[in-house]
Amino acid sequence: MSAAAAKVRTRVVATRQAHEDIRRLGGRTRDEVGDFVHRLRADRTNRALRVTALRAAGDNGHLSLATLGEQHMALLLETEENRFTLLAVRRGVHAHDELTRLTVAINTVSGAIEVVDQGEVSANVVALREQPDTAEPSPETPGSAQDGTAPAAAEPDATARGADQQTRFLRVPLFRSHDDATLIGLGVVPSVLPALRKVTTDTQFAALLGHNLPELTRDVLLALHSGTPQEDVRRDITLQWKADDTDSVDPHDWARAARRPVSQVSTDDDAVLGALGQSFDAWRLFLHPEQRRLATTDFKGSAKVTGGPGTGKTVVALHRVRHLVEQLPPGNNRPVLLTTYTTNLAEDLRHRLRQLGGEDLLRRVDIKAVDRLAREVVEQAPGADLGLPLDDEAAMALWHTVMAETDIYRWDADFLDAEFKHVILAQGCGTRSLYLRVSDRRGRPRITRPERTQVWDLVEAYRAHLSASHRTTYALIADRAAGIERGHDARVDEQARYKEERGGMDLIHREASRGMWLRHRYRHVVVDEAQDLSASHWRMLRAMVAKGPNDIFLVGDAHQRIYAHHVVLGRLGIETRGRAARRLTLNYRTTRQILRSADGLVAGETFDDLDDGTDSLKGYRSVLTGLAPQFWQAPDWQTEMRAVAALIKERHDRHGTPYAAMAISVPDGTAAVQIAGALAREPFRIPSVELTRDGVKGDQDAVRIGTMYRFKGLEFQRVFLAGVSDGRIPHQRIEQYRRTSPDRHRQEEQRARSLLFVAATRARDELVVTWSGRPSRFLPEDATRTAHSAVGLLSPDRPPSGSAAA
């Protein structure tokens, strides 16, 4: 090779599978891979790199083995001069043999380069073939290796053992109804098929998935295994992965395959080096093909992305922001707004956006909680006299005061506050007559005309109190901000019409007289946790950006709505029907065992799609497998709290789980204070910190404790749902509405289910549910049957134990 060629910059990209190898091996792996890549980029002719040719891969591909250090080796693919793809990394004395036997091929559907260790996959499936099906380790088989926290189990009777043995001989392949041609056509890598045909149990299937299979193969097999029809898999998965640069994929064109985004964690060579040198989330570098399309597609107007917890909605929103900023002309302003419901979520978005694009990206984006944004709008308006906002507790107290003064006790403070926010303000009812004529009460119980008259009297008294004390509420601020922005939007439109009709110097003087202010605040708006924004928020946001391409991009999930804001976006000028509405179904955070249990919490309920349609969790599935949820019952609250403390102590002391990686969700603030006290007392002495509206201050290693409302948008390695008892979840007060107001009872119960669903799906590895007395009716029917005794857990004779997941 000439000296000139050696000076050409060598590019190195890594596949998703190689990135997963590096993450899994940990330790010195990142350092050794990073050092090798740096040296390869600097001078690929350097003989100290110890790269040896392995075999040709098609016409323009060559596989090589690279020795990285004393223990590590890597498999490289060279497709063009000075361009390498890192395919896999192995460690140990068998690294050479393991890398040599890997099957490397181009997927004929996605065009991606895929790597499979066919021998290891097949060997592991065969090894499990004669074992009983234990795919879902669960405390309902106490004493198992999967969960040492459970007490000893009774020996199954002879009949059960005989049935199990007979069942083993009757087992048939799980994928027998899908022939090879169909599976390959859906995107399954052919080298997996021999092992797949031997899979007859969920245990074997979990083992197969655990071997870092190519993502398209994994997605297809998960969907088929969950019962999704082949045509739905083809439409919702295969076509999303299909290579979009050609109608057919050449399985021998390695150069083209290596350049496809699906073959890389990043097209940015420097970002790959950063990933190899330090630990951070893979989402920074990689998007699932469907997520990538949503983040980069140009829409004619607004767009909406829905999906269950852990499907990457926020990831898509963040990458969408980066894409929109990349399309901006040079400047120093912030024409892109990224907003969400709470301050702590906004700060989390800021942190993650900084990870994604650094300070250069942040300089072009305005990141604010929606209530803070509304307050700024009002404060900037001429003659602004805002008043001090009431917190939630003070607002409720004021409703009680108003009821006492008017001697009207037909409704409680919660109902009146919600009626004021979600009907009167949401639908712009500025007068009694407008309120009496409201017909759309989506998400609200029905009340008669005379009842509305009484409600209006209470509302007038409420507003009079606020005015007299120079106070306000966040809902009133949002309503006022919406009015200000809509007025400004109308003036912008009027000026645009004037410019079209008149133009010329007259327009210049007209604009100058108004300080050149007549333009929309933002060019693009991106909204996270969209289901929790009110109608006033949406009216404000709609007016802040001109209607046009890529104006508003929102992500959310009605199953996680916890603030009762039911809106119809189409009626607020935000059209997201048809191709502008997309749905994500693949969960990357929560195990299938936890997800299946959490889905049961909202099963049978009807949820909207943030518009006038309905949404469901149909097809929602997880890529992870692990422990089934644990259930613990106690005779009283004091025993339950001590049991939770004991379980947390075990996971920290015996398995090394940091306290900060564990969280306790409770029904109310009083329970949070009580359980924090129980953790602090002897013999546990466990540090804890409260989750507040603004998150957690500091990064101390302490268990996070908060109400279910505070768990929105967060995730933890282990989550403990405490106090999930009858009368607490849902609260017993809603029972008074079962006969007097069935609509309200149904709505309150659905919101309670959503709260529990949100809290349960914050768990990544382990979910523990506890209660005292009778369990909540929301829990699965077998919860009581499979629950362990908290009294037994606290017994001094019980040997120390812990869960398997670390």
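Student: Which residues of H15 are buried in this predicted model?

Tutor: The buried residues of H15 are Lys313, Thr314, Val315, Val316, Ala317, Leu318, His319, Arg320, Val321, His323, Leu324 and Val325.

Student: What makes H15 a mostly covered helix?

Tutor: The count decides the matter: of the 14 residues in H15, 12 are buried.

Student: Why is His323 called buried?

Tutor: Buried means under 20% relative accessible area. His323 has a relative accessible area of 11%, and therefore His323 counts as buried. This residue lies in helix H15. Leaving aside residues up to four places away in sequence, His323 touches Ala295, Thr296 and Asp298.

Student: How do you know that the span of helix H15 agrees with its number of residues?

Tutor: The expected span is 1.5 Å times one less than the number of residues. Helix H15 covers residues 313–326, which is 14 residues, so it should span 20 Å. Its end C-alpha atoms are 20 Å apart, and the two values therefore agree.

Student: At what angle do helices H9 and H10 pack?

Tutor: Helix H9 (residues 202–209) and helix H10 (residues 215–225) pack at an angle of about 160°, and their axes are 11 Å apart.

Student: Why is H9 called roughly antiparallel to H10?

Tutor: Angles over 145 degrees count as roughly antiparallel. The angle here is about 160°, so H9 is roughly antiparallel to H10.

Student: Which residues make the contact, and what is the handedness of the crossing?

Tutor: H9 contributes Asp202, Phe205, Leu208 and Leu209, while H10 contributes Arg218, Leu221, Leu222 and His225. The crossing of H9 past H10 is left-handed.

Student: What makes up the largest nonpolar core?

Tutor: A nonpolar core consists of buried residues of the nonpolar kinds, joined through side-chain atoms within 4.5 Å. The largest one has 66 residues, and those with the most contacts inside it are Trp538, Met540, Leu541, Leu554 and Leu721. Helix H29 (residues 742–760) gives the most to this core, with seven residues. Apart from it lies another core, of 30 residues, including Leu183, Val189, Val220 and Val262.

Student: Which residues does Met540 touch?

Tutor: Not counting residues up to four places away in sequence, Met540 touches Val370, Leu373, Ala374, Val377, Ala481, Ala482 and Glu485.

Student: How many helices and strands does the protein chain have, and what share of its residues is buried?

Tutor: The secondary structure of the protein chain comprises 31 helices and 26 strands. Of its 806 residues, 55% count as buried.

How values were computed: Residues numbered from 1 in each chain as written. Predicted model: local features only at pLDDT ≥ 70, side-chain atom pairs only at ≥ 80, totals over all residues. Heavy atoms only, no water. Buried < 20%, exposed > 50% of the residue type's maximum accessible area, 1.4 Å probe, protein only. Helix = DSSP H or I, 4+ residues; strand = E, 2+ residues; numbered from the N terminus. Contact = heavy atoms within 4.5 Å. Axes fitted to C-alpha atoms, helices over the stretch in contact; angles between N-to-C directions. Parallel < 35°, antiparallel > 145°, perpendicular 65-115°, else oblique. Left-handed = near helix turned anticlockwise from the far one by under 90°.
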